[in-house]
Amino acid sequence: MTWVLGNLSLIGELLLQHLYFAIPPIIIGLVLAIPLGWLANRNTVLRSTLLNVSGLLYTVPSLALFVLLPPLLGTGILNPANVIVALTIYTVALLVRTVADGLDAVPSAVVNSATAMGYTSLRRFISVELPMAVPVILAGLRVAAVSAISLVTVGAVIGFGGLGKMFTDAFQRDIPAETIAGIVLVLLLALAVDGLIVLIGRALTPWTRVGSAVGRPA
Amino acid sequence: MSYFGWLFDPANWTGSGGIPARLVEHLGYVALAMIIALVIALPVGAWVGHTGRGGFLVVGSANALRALPTLGVLILLVTPFGLSIIGPLIALVVLAVPPLLAGTYAGVRNVDPAVVDAARGMGMRGGEVLWRVELPNALPLIIGGVRSAVLQVISTATIAAYVGLGGLGRYIFDGLAQRDFPQMIGGSLLVALLAIVVDLLLAALQKVVVSPGLQAAPRSGPRRLRAMPTTRPAAARAA
């Protein structure tokens, strides 16, 4: 605790760096995964291709990916883009399957009703299928987000910033309190982002609560 | 292409720091950690799944692990154990147990109750039901848990080179210290290949040992009936 109180400004700076590495991949990953998941849900061949490629990319250990991206992207070894791209790859790899499954689970009666009401396929996707799939997609996003926040710390071993720096610093200077503080901060940050996604999910799917209240005495 | 010079230099393929020796080290850590983790997680997961007691603890521990920074755990264990193999090994086991527990628990728990009833109706005792009905039916999810755990352990063992462990991660950290970028790339390629090959082997093993009746039905149309889940549930990577 003493260590934490004496280093509040450092912790604040590392926390901001951590968010800078972790938040863009979560958002970019989600934005990329939605059209890919839509494609995977449309076509069997595309589905197995996309899911196999995702599975393969998801298998690559994070430290290896951080090192392998610079030659592929033409970036320097400590370019923040490496971490952001690597975590985006993991997020997309995890969410493509989730989005495809979420869209697949939309009842066909609902899709057919929308078609019968005259929705074009794009409008039907945006205003019917995607909203119906939100609970499944957000469940996947929670996993991806928490994992991204934890993975940013790995970058510290090759010199990236973020809360992982508390671990490498604690190791080099032998300050166990700093390691514990770092673990607690990462867990708290993950919990906060997880909670935020749950709240966003509630706001996006008001019908899930209205539906359960129907028939209940007021 | 100069990046690959290190990888194909014959000098890096011999001796105690050579690629074969580092690969064997890496696989040794993975095997040791997985054996210990399996001995702990399989009986507990099977028991919890069979009796239904304590399921929320199993699921909760697997969920909490997602956020646990592996680097922090590795470094925390340096303080009591120094730079020996003990600390990293404990970390690897700690990270491998939750996916194994969750897979075994979910596998046993999700066995069709009608199948379990039929087994009891045939006069099987609790132990027989578990060994001859529930565990074979649970194999797809158990192997799913094994795949997640193995990936976790391969990745974390790589990072553990930071706290002095051997294995393929050494090339990444030695390369970093010597400003030898091709060595870092070569080491990373080897780690990535190892993870992919081991995962494919386990996927093949799953095809061989799981009863054909439990293999997922091929997808016939856009709105298929769901077969038993044979892939791992959305397991988050923590390393």
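1. Let's start with a pair of helices in chain B. The axes of helix 2 (residues 55-65) and helix 5 (residues 86-109) of chain B come within 9 Å and cross at roughly 140°. Angles over 145 degrees would count as roughly antiparallel, and helix 2 of chain B and helix 5 of chain B are therefore oblique to each other. The crossing is left-handed. Keep in mind that this is a predicted model.

2. Now look at who meets whom there. Helix 2 of chain B brings B:Gly55, B:Val58, B:Val59, B:Ser61, B:Ala62 and B:Leu65. Among their partners in helix 5 of chain B are B:Leu95, B:Pro98, B:Pro99, B:Tyr105 and B:Arg109. By class, the residues of this contact are ten nonpolar, two polar and one charged.

3. Next, see how the two chains touch. Chain A puts 40 residues into the contact and chain B puts in 37. On the side of chain A, the elements giving two or more residues include helix 3 (44-59), helix 7 (121-152) and helix 9 (176-204). Helix 9 of chain A gives the most, with eight residues. That side of chain A has 28 nonpolar and twelve polar residues, but no charged ones.

4. Finally, find the largest nonpolar core, which has 133 residues. Those touching the most other members are A:Val96, A:Ala148, A:Ile149, B:Ala37, B:Ala96 and B:Val153. Helix 7 (residues 126-159) of chain B gives the most to this core, with 15 residues.

5. Leaving aside residues up to four places away in sequence, A:Ile149 touches A:Ala22, A:Val186, A:Leu189, A:Ala190, A:Val193 and, in chain B, B:Ala67.

How values were computed. Residues numbered from 1 in each chain as written. Chains lettered and ligands numbered in written order. Predicted model: local features only at pLDDT ≥ 70, side-chain atom pairs only at ≥ 80, totals over all residues. Axes fitted to C-alpha atoms, helices over the stretch in contact; angles between N-to-C directions. Helix = DSSP H or I, 4+ residues; strand = E, 2+ residues; numbered from the N terminus. Parallel < 35°, antiparallel > 145°, perpendicular 65-115°, else oblique. Left-handed = near helix turned anticlockwise from the far one by under 90°. Contact = placed C-beta atoms within 7 Å. Nonpolar A, V, L, I, M, F, W, Y, C, P; charged D, E, K, R; others polar. Core = buried A, V, L, I, M, F, W, Y, C linked by C-beta atoms within 7 Å. Buried ≥ 20, exposed ≤ 12 C-beta atoms within 10 Å, placed from the backbone.
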